[in-house]
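Hi,

Here is the structure I said I'd pass along. Have a look at it first, and then read on for what turned up.

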Amino acid sequence: ASSPRPSSSPCSTDSARKPSPAPRKPPQGSPVIAWIAVRIRVLTLNVWALPFGIAPLEAERIAAIGKALPEYDADLVAFQEAWTEGSRARLLAAGASAGYRHHWMRPQARGGSGLLVLSRFPIEAAHFQSFRVEGDALRLDHSDYYGGKGFVILRVETPDGPLAFADTHLHARYAKDTQSDSYFETRVAQVVQFATAIRTVAAPLIAAGDFNFREGEAEYAIWTGIGGSGDAAALLDRREATIHAGNTYRAVGSWVENERIDYLFSRDGADRGVVPVTVRRAFDEVQNIGGEPSSASDHAGVFAEFEVGGRAKPQTPPDPASLEQARAILETGLDQARARQKIEGGAAIATLALAVGAAKTSARVSRRRWLQGAAGALASCATGFGWLAWRPSGERIAGFEAGLAEVDALAAQEAPRRPHRE
């Protein structure tokens, strides 16, 4: 198990600590083209702070996470699933004590997104986008629809210049394989939206979060192929599972055992590069929390150091194969959303017809008051089906259509131009 930075190392007590200067010349054989200006430390963790007391020992675990922040000594920290007011307050207080004078969160709106970012650098701008395609409004046990999920792209001012830092949490997977995962198309739509957004960012970029996909899967290929970012752990060949059997909240033998779904990605900017130097798993040790052996969360985190400021490599165009793969999956999602809307719309009309019939019958047969109640109940059901058809399903259809439009636009930009003939 990895351990945080030893407590004997310099820990920040105020935001004046500068990132460690890197060597002016890269070591022989390094992929860096030119000298590097600064080294920046980044940490990401899904803190598993769910509402209604669903996650055990929330207050105690969040306190343990906050207490460890000075030991990691990161410059930027990305949290996910900080959905409760108490967890956000504890993390902000711990961050302030550890020298983080800047933060971003979105407590308003439905669910608030669960994202929280701590920064030693000034945050000059923030852009949050809700995912256009969300979860299933009927599945209260799969509550992603109500979580307000999305992504934020922050512009932070480092000693080397602007850096884009993104935090996200994609839709959870509730099945082991793609064939039985009913949210596969949803996640691909979210990936396309996020990857398209980062292509418009000129500054060097680091993206953190709980991506809920595995290396080798379609979502991973589409994300890297469209967005052009590199996986720090893969680039350094230091892959470690963030869902692992050593976690006290993961049952040995379950299908989610030993999966890598939390990542740190990076991508060069227009004028400066960003290169991962070290990466390791974080918050993976079992501690005494609340008087019992416990992990800090049901996920492990990821900690990495990046060198930022060298010569940038030209931005790669979107991978044509990734665009085609995304288009095919989005078209499937769109077809599914349209079919579901028809079913829900038909159910709304049929139920409303039954409600009208029951109301007419109750008007003629005054003694059968139960018919009046039935009519009211059916009318309520019809309203519910109608809402499902024209709100969640309508949003999904629009979201898939927007994703397809983005894919087509990217493909058109990168299509080779035919020579003009007189």
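**What turned up**

Ser113 lies in the loop between strand 3 and strand 4. Helices (H or I, at least four residues) and strands (E, at least two) are DSSP runs here, numbered from the N terminus. The phi of Ser113 is near 85°, a positive value in a residue other than glycine. Is Ser113 buried or exposed? Its relative accessibility is 1%, so Ser113 counts as buried (buried means under 20% relative accessible area, exposed over 50%, partly exposed in between, with a 1.4 Å probe and protein chains only). Leu57 also has a positive phi, about 55°, although it is not a glycine; Leu57 sits in the loop between strand 1 and helix 1.

Before going further, a word on what you are looking at. This is a predicted model, in which local features need pLDDT of at least 70 and side-chain atom pairs count only at pLDDT 80 or more, while totals for chains, interfaces and linings use all residues. Residues are numbered from 1 along each chain as its sequence is written, and side-chain values use heavy atoms, with hydrogens and water left out.

The pLDDT (the predictor's confidence in each residue, from 0 to 100) averages 84 over the chain, and 77% of the residues score at least 70. Residues 1-16 stay under 50, and the model has 33 contacts for them beyond four places in sequence (contact means heavy atoms within 4.5 Å).

Now the overall picture. The chain holds 8 helices and 14 strands, and buried residues make up 54% of its 422 residues. Among contacts with a separation of 6 or more, 76% join residues 24 or more positions apart.

Strand 3 and strand 4 (residues 116-119) pair in the antiparallel sense over 4 bridges (two strands pair if DSSP finds at least two bridges between them). Across that pairing, His103 stands opposite Leu118 in strand 4. Both strands belong to an open sheet of 6 strands with mixed pairing, in the order 3-4-2-1-14-11. At the edges are strand 3 (102-105) and strand 11 (274-282), each pairing on one side only. From one strand to the next, the twist averages 15°.

Two helices go with this sheet. Helix 1 (residues 58-72) packs on it, touching strand 1 (38-49), strand 2 (76-82), strand 4, strand 11 and strand 14 (301-308), and its direction makes about 175° with that of strand 1. Helix 2 (residues 85-97) lies across strand 1, strand 2, strand 3 and strand 4, at about 5° to strand 4. For both angles, axes are lines fitted to C-alpha atoms, for helices over the stretch in contact, and angles run from 0 to 180 degrees between N-to-C directions. Glu71 is found in helix 1, and at 29% relative accessibility it counts as partly exposed.

Elsewhere, what does the largest nonpolar core look like? It has 40 residues, of which Ile153, Phe194, Phe213 and Trp223 touch the most other members (a nonpolar core is a set of buried Ala, Val, Leu, Ile, Met, Phe, Trp, Tyr and Cys residues joined through side-chain atoms within 4.5 Å). The elements giving it two or more residues include strand 6 (150-158), strand 7 (161-169), helix 6 (320-364) and helix 8 (392-414). Helix 3 gives the most, with 9 residues. Apart from this core lies another, of 26 residues, among them Val42, Ile206, Ala208 and Ala304.

All 15 of the 15 residues of helix 3 are buried, so helix 3 is largely enclosed by the rest of the structure. Helix 4 (residues 218-227) is largely enclosed too, because 8 of its 10 residues are buried. Trp223 is one of those buried residues, and its contacts outside four places in sequence include Val191, Phe194, Phe213 and Phe265. Just after helix 4, Gly228 takes a positive phi of about 75°.

Finally, strand 8: 6 of its 6 residues are buried. Leu205, Ala207 and Gly209 cover one side, with Ile206, Ala208 and Asp210 on the other. Strand 8 pairs with strand 7 in the parallel sense over 6 bridges, and Ala208 is the bridge partner of Asp167.

Cheers
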